[in-house]
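Opening the notebook on this one.

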Amino acid sequence: MDPVEVAAVPDAGPVPAWQSKCPWGAPNTSAISCSLADVMSEQLAKELQLEEENAAFPEVPAVAEGPFITGENIDTSSDLMLAQMLQMEFDREYDAQLRREEKKINGDSKVSISFENYRKVHPYDSDSSEDEVDWQDTRHDPYRADKPTTTPRKGFIGKGKDITTKHDEVVCGRKNTARMENFAPEFQVGDGIGMDLKLSNQVFNALKQHAYSEERRSARLHEKKEHSTAEKAVDPKTRLLLYKMINSGMLETITGCISTGKESVVFHAYGGSSTTEDKMIPAECAIKVFKTTLNEFKNRDKYIKDDYRFKDRFSKLNPRKVIRMWAEKEMHNLTRMQNAGIPCPQVVILKKHVLVMSFIGQDQVPAPKLKDVTLSSEDMKKAYYQILHMMQQLYKECSLVHADLSEYNMLWHGGKVWLIDVSQSVEPTHPHGLEFLFRDCKNVSQFFQKAGVAEALNERELFNAVSGLRITADNEVDFQAEIEALEKMNEDHVQNHGKKLSMFSSDGDPPIYDE
Ligand code: ADP
Ligand code: MN
């Protein structure tokens with residue numbers, strides 16, 4: 001045996017003739033064994049997907065990991081992908097070699113052997129066009145069976161010893177071949193349909209079974225692919241937007257994912273050296289990508305639909321544009337807050353559904369949420385008073401109600417509280433604005449009372465302190481009813497006069513309770 005080939009496969013056992021001639025040397029054929037049940041297992045598929053997703057988007061930012069997207073590695077960002085592409089190329093060549101060997105060995109022999117099981121690329125997975133039939137080379141449509149001979153009702157044709165029943169092997173075989181047409185289009189059945197190929201019932205049934213399971217597997221794979229892109233919100237269009245930001249010098253590197261929520265994915269990035277509108281790009285940025293899948297946004301209609309700032313536009317927009325409006329809303333709201341001096345991310349740029357803002361945190365580590373941080377009782381008290389003040393500023397100076405305020409959307413950084421996540425924030429004159437405010441107050445009161453801040457107002461006192469309204473009800477139900485009555489009064493007034501009540505004046509002033 002040729003010593004070179006032996007060296008290529010140190011301990012692969014006796015090397016078959018077809019393998020030793022492979023110009024690449026013999027590949028390592030020790031495949032990882034797993035049962036068919038494993039492969040088909042729903043649970044395994046889910047686990048694999050989870051693993052994949054976790055690997056791609058770890059919960060905590062992996063500081064040591066390589067960058068997610070940089071200017072240099074745009075199309076070859078993944079070593080894994082390159083390796084996989086090379087492997088695929090290799091497998092294809094290997095299979096081609098196998099096919100040649102098969103042909104040579106079989107020659108004109110009546111008994112043929114098949115190397116099918118040794119192939120690397122399952123024909124179903126293969127996207128090579130090698131197996132495809134060239135239409136010009138075939139005289140008739142290779143995918144259409146010749147009209148199958150039908151057996152009359154009596155169940156046989158012919159006379160005497162030439163009688164042919166419907167169970168006749170040849171007729172039956174031809175019929176089976178024709179029935180392969182009913183398999184899923186992706187299932188490659190070769191061009192046997194156009195030839196006089198006879199499939200025994202046993203073979204046909206096995207094929208049919210296989211075709212069905214392949215069809216289901218394919219559907220699952222497809223679903224997984226779709227699902228995962230939606231899950232990460234980085235569809236090709238978003239990717240392109242991000243690349244452009246890097247190419248323009250606005251961003252240096254996108255290092256990784258900070259958070260994947262139901263409606264958005266947040267990435268960390270290092271700012272580039274270019275400027276936007278003469279503003280310096282912050283050294284570290286957070287990129288909030290609003291998901292372009294629509295289902296999660298369905299139940300958020302009420303925030304935007306009734307917001308008079310967006311009213312005229314809402315009805316005319318397609319759902320995709322509505323998602324951009326969430327990003328736009330977050331930008332406007334953050335700007336208002338910035339102007340009022342409320343600690344919050346500073347807007348860098350908005351591009352479609354992608355909002356770039358300053359990063360709250362340091363060295364890729366985001367500031368902890370208030371719910372995750374352990375504060376001394378002194379800091380906790382400080383945080384409470386700061387939030388009370390911020391809620392008042394938000395209401396009076398920005399004319400906004402956060403509408404999703406809780407310990408989840410407040411970050412602790414540099415010894416103070418920062419407000420984030422304001423895409424759903426509305427003006428107090430929003431038809432449900434006061435209800436949203438009351439809900440915010442409930443969250444804040446509960447959190448600080450549980451945290452042991454004795455000074456924390458209850459939710460009703462907090463509501464009055466923030467809004468300047470003087471609702472006197474001493475229980476939640478009555479309080480809620482009064483809030484709704486106020487909202488209704490405002491709505492009726494808008495209906496009748498086309499203008500908001502003076503207490504809900506729409507030129508930015510928050511409602512003042514007028515007895
Ligand atoms: P969601 O709608 O998904 O809750 P958020 O705006 O709350 O979106 O962002 C999700 C998470 O991403 C936050 O809880 C926070 O940990 C992180 N995050 C968002 N914006 C920033 C930022 N500017 N700086 C640091 N971390 C941020
Ligand atoms: Mn949030």
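Predicted model: local features only at pLDDT ≥ 70, side-chain atom pairs only at ≥ 80, totals over all residues.

I started at Lys-351 and found it in strand β9, which covers residues 347–351.

Lys-351 sits in a positive surface patch together with Lys-237, Lys-244, Arg-320, Lys-321, Arg-324 and Lys-352. Which helices supply at least two of the patch residues each? I noted α8 (236–247) and α11 (319–339). The largest share comes from α11, with three residues.

Then the loop residue. I found Asn-458 in the loop between α13 (433–450) and α14 (459–467). Its relative accessible area is 23%, so I put Asn-458 down as partly exposed. Leaving out residues up to four places away in sequence, Asn-458 touches Ser-445 and Gln-449. I also checked Phe-448, ten residues from Asn-458 along the chain: the two C-alpha atoms are 9.6 Å apart.

Last, the whole protein. I counted 15 helices and 14 strands. Of the 515 residues, 40% are buried. The accessible surface comes to about 30,600 Å², and carbon and sulfur atoms hold 52% of that. For contacts between residues at least 6 apart in sequence, I get 63% joining residues at least 24 apart.

Methods
Residues numbered from 1 in each chain as written. Chains lettered and ligands numbered in written order. Heavy atoms only, no water. Patch = residues over 30% accessible without salt bridge, like charges linked within 9 Å, V, L, I, M, F, W, Y side chains within 5 Å. Areas by Shrake-Rupley, 256 points an atom, 1.4 Å probe, with all protein chains shown as cover. Salt bridge = Lys/Arg side-chain N within 4 Å of Asp/Glu carboxyl O. Lys, Arg positive; Asp, Glu negative; His and termini not counted. Charge placed at Lys NZ, Arg CZ, Asp CG, Glu CD. Helix = DSSP H or I, 4+ residues; strand = E, 2+ residues; numbered from the N terminus. Buried < 20%, exposed > 50% of the residue type's maximum accessible area, 1.4 Å probe, protein only. Contact = heavy atoms within 4.5 Å.
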